[in-house]
Amino acid sequence: MSKITLTINDKQVTGQEGDTVLDVCRNNGIEVPTLCHFKGLTDIGACRLCLVEIEKERRPVPSCTYPARDGLVIRTHTEKLETNRRQILELMFAERNHLCPYCVASGDCELQSLAYKYQMDNVRYDLSWPALEVDSLHQHLVIDHNRCILCGRCIRACDEIACAHTLDFGNRGWKDMVCADLNQSLGQSSCISCGACFQVCPTGAISAKSGTYRGKPEEFTGVDSACTICGIGCSINALVKDNKVVRIDSPDLASSRGLLCYKGRFEQIYDKKNRITKPLMKKDGKFEACTLDHALDAVAAKFGEIRAKHGNDSVAGLTTSQISNESLKAFKGLMIETIGTTLVDTLDGDSFRVIHQGITKFRNDGKLDIEISPEEIFKADCVLVAGADPLTTHPVIGAAVLNAYKKNKANIIVLDAQKNSFASRSAVWLKPKQGKEEAAIKALTDSLKKVDAGKSGKDAGLDAETLVDAAKIIAGSKNCVIIYGEGIIKLQNPDVIAALLNLAAVVGKSDKGSLKIISLKPQGNSRGAWETVGLCGMQRADMSKVKAAYIVFADDGMADPKVLDAFKKTEFLAIQASYLSPITERADVVLPSPIAIEREGTYTTLDGKSVSVSRLVNPPDGTKQDHETIREISQRFKAR
Amino acid sequence: MSQVSTDYIRAEINKAVPADIRQKIEKIVEDNRGKAGAAIRVLQQVQGISGYLPPSVLQTVSGYTKIPLSEIYGVVSFYSFFSLLPKGKHVIQVCMGTSCYVKGGEKIMKTLKKDYNLESGGITADGKFSLEMVRCLGCCGLSPVIAIGTDVHRKVKASQLKDILSLYK
């Protein structure tokens with residue numbers, strides 16, 4: 001890109017071709033006020049605060065949309081412009097209710113800061129006092145239209161970043177409002193709850209239910225980390241005050257991986273009430289709090305005793321896939337290396353085994369790196385979503401599909417017996433009979449290979465026309481990505497996964513030779529857990545003869561109390577968990593464990609990248625990181 | 001378009017759209033596919049099916065056109081021609097342009113409110129008449145003017161309304 005030279009406020013400055021006048025100003029340290037501009041969103045020149053005077057232009061022009069050219073002579077802060085800006089601010093304050101002391105954003109508001117900057121001590125216009133709705137029916141967000149300045153940032157973020165386009169201007173004119181769908185409440189609209197609108201809102205119009213009235217930005221500490229909820233590994237920036245997370249933002253919202261989802265942004269902030277903060281031991285059927293030393297000694301001693309009596313495989317280990325790689329390694333160290341059992345598994349072990357067997361059927365080695373990164377979805381011009389509903393399970397991947405749908409005009413093909421969130425947007429919805437997914441996938445593969453697919457298609461309950469349509473779309477695409485998830489995995493049939501991999505092989509490979517397929521693994525560190533622990537116990541372990549078990553639940557919200565049914569005859573059960581639940585009820589010893597926002601270490605994303613996670617807040621006193629607790633047991637076991 | 005309550009939208013939006021209407025909508029959308037600025041034309045033709053745009057129908061239009069529902073609402077709420085609420089068999093338009101207003105337009109509105117319980121954007125209980133307030137019908141010399149359907153009635157006095165409305169069955 002070539003350099004250009006401009007004159008701004010009598011000074012020679014340089015910029016790049018393609019910059020706007022505002023870019024050049026900001027890159028050269030000249031502060032031009034803005035409200036509707038947000039880095040990464042399309043500029044619309046709506047707020048008129050960034051107006052500048054350019055020689056040979058008849059009137060002031062918005063610098064955010066004016067392309068910088070060589071030789072422009074610009075003035076940014078003439079008396080006329082500054083008077084103008086103050087007047088615009090006054091009009092904004094007069095239009096709706098901007099009484100700062102009662103606003104959630106007071107102290108963290110761009111409108112308020114500008115009013116201070118322009119020393120706006122009075123408003124010369126009558127305040128119009130419209131009584132507008134406050135929409136608080138959404139689970140996490142509140143929209144107070146009285147605080148809205150109609151800058152349209154939320155609308156552009158919803159359209160350009162989230163690609164949901166739930167928000168838009170409605171009732172244009174004097175009654176202009178930001179409306180969701182048909183002017184519905186946000187909680188009842190097509191909103192995907194990503195929170196992008198909340199992050200870009202310059203005033204208190206869109207606020208989150210968590211973290212309001214918690215203080216001013218200067219009282220918060222920022223912590224950079226990665227989200228560990230679903231295995232995508234989104235970067236997050238958390239604002240923390242008094243060991244509580246106030247809000248979680250995306251550090252670079254406008255980048256392709258910048259979007260967060262409701263799980264990462266809102267849900268993980270909440271700490272439930274029944275938190276375990278002290279080790280508990282069961283005495284006469286009731287839990288009693290005890291010291292950590294006491295509990296750890298008891299666990300090590302009991303495991304030693306049972307192993308000596310019944311052999312190595314009388315002790316079993318089960319872990320959630322939500323904990324860090326360090327904790328998983330410590331768990332493996334304790335169970336396999338120290339105690340010497342072969343009975344280890346992860347709570348999502350069934351999902352791992354079926355995917356592993358599927359890959360093994362396809363090419364022998366069973367390695368998970370056959371898949372591509374979710375990044376590829378942004379480049380896709382066709383997405384096949386098979387037995388998955390990414391907008392609920394992995395919302396950021398769901399949003400990536402919407403991104404491809406909107407920006408690349410990608411066709412979405414849904415292969416699912418059930419309706420999912422993409423069904424209404426899909427070009428073709430292949431709806432196989434329940435349990436006939438494999439036949440449906442094979443029929444689609446055959447249609448692509450131009451082999452007669454009539455028989456398997458019929459078997460799957462698909463009509464020939466739909467199959468041909470789907471095959472045509474895939475054959476006509478340059479970059480087709482296949483996503484599969486829960487719906488396929490829960491069938492527990494490796495043949496279905498092998499069939500999908502075969503289909504992916506027919507569709508085409510990426511530059512690096514991997515298949516354009518992504519499996520939505522159930523948990524935050526599923527891939528890490530499978531690579532560390534999963535491979536050790538390749539069969540569904542028979543836990544019925546087990547005498548003692550060590551179970552790491554942490555704050556696994558998906559754990560089903562049924563997993564404990566295998567341990568009915570177990571003499572001794574030690575459980576490491578964050579919350580009291582029907583699961584911990586069955587334990588003999590309960591050890592405290594940190595929750596997601598308190599954990600640290602490395603996590604493996606579903607495409608195999610390692611991300612480092614810092615703790616956002618400290619765990620309660622006495623609660624150690626999972627790997628520390630597990631290592632302590634190992635040491636005590638060895639030292640017996 | 002006059003303001004519509006969110007309760008109404010919520011109640012209406014998930015109602016099933018009959019198959020024959022779906023087909024008509026699909027045809028309208030297909031006929032306009034690829035044409036620039038087709039949204040308004042599509043909505044105009046779809047409104048022609050049943051005289052207004054039920055929220056459930058807009059949902060269907062959004063599905064076929066792939067235009068987000070919020071964008072459709074932006075268009076529908078901007079043009080007074082579009083209506084999310086059912087219209088009467090006969091639509092009464094009362095002119096409130098400067099000339100008609102001065103000559104008694106407001107009195108006509110008041111009489112309609114008093115005698116027929118009709119307000120701007122409203123509809124009579126029997127569904128026979130609905131009322132719209134319009135800015136100018138372009139015949140100021142005949143003011144005050146009201147239009148019922150395609151008929152224009154000139155120099156209307158409030159006392160004549162009963163007779164005029166009785167012409168419409």
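Read from the N terminus on, the elements of chain B follow the order α-α-α-α-α-β-α-β-β-β-α, which amounts to seven helices and four strands, where helices (H or I, at least four residues) and strands (E, at least two) are DSSP runs numbered from the N terminus. Along the principal axes, the C-alpha atoms of chain B fill a box of roughly 50 × 30 × 25 Å.

This is a predicted model, in which local features need pLDDT of at least 70 and side-chain atom pairs count only at pLDDT 80 or more, while totals for chains, interfaces and linings use all residues. Residues are numbered from 1 along each chain as its sequence is written, chains are lettered from A and ligands numbered from 1 in the order in which they are written, and side-chain values use heavy atoms, with hydrogens and water left out.

Chain A is divided by its domain assignment, automatic or from a database, into domain 1 (3-77), domain 2 (102-267), domain 3 (280-348 + 526-639) and domain 4 (351-519).

In chain A, an open sheet of three strands has the order E6-E7-E10 with antiparallel pairing, two strands being paired if DSSP finds at least two bridges between them. Strand E6 (134-135) and strand E10 (206-208) of chain A are the edge strands, each with a single partner strand, and therefore one side of each has no neighbour in the sheet. Strand E7 (residues 141-144) of chain A is joined to the antiparallel E10(A) by three bridges, and A:Val142 has A:Ser207 in E10(A) as its bridge partner.

We turn now to domains 3 and 4 of chain A. Their centres, taken over C-alpha atoms, are separated by 35 Å, and the contact (heavy atoms within 4.5 Å) takes 14 residues from domain 3 of chain A and 14 residues from domain 4 of chain A. The size of an interface is often given as the accessible area lost when the parts come together. For domain 3 and domain 4 of chain A the buried area (1.4 Å probe, summed over both parts) is about 1,200 Å², with 63% of it on carbon and sulfur atoms.

Across this interface the rule finds one salt bridge, that is, a side-chain nitrogen of Lys or Arg within 4 Å of a carboxyl oxygen of Asp or Glu. The side chains of A:Arg353 and A:Asp345 also meet in a salt bridge, at 3.1 Å from N to O. On the side of domain 3 of chain A that touches domain 4 of chain A, helix H17 (residues 526-532) of chain A gives the largest share, three residues.

Key
Buried area is the accessible area (1.4 Å probe) that two parts lose on being put together, summed over both.
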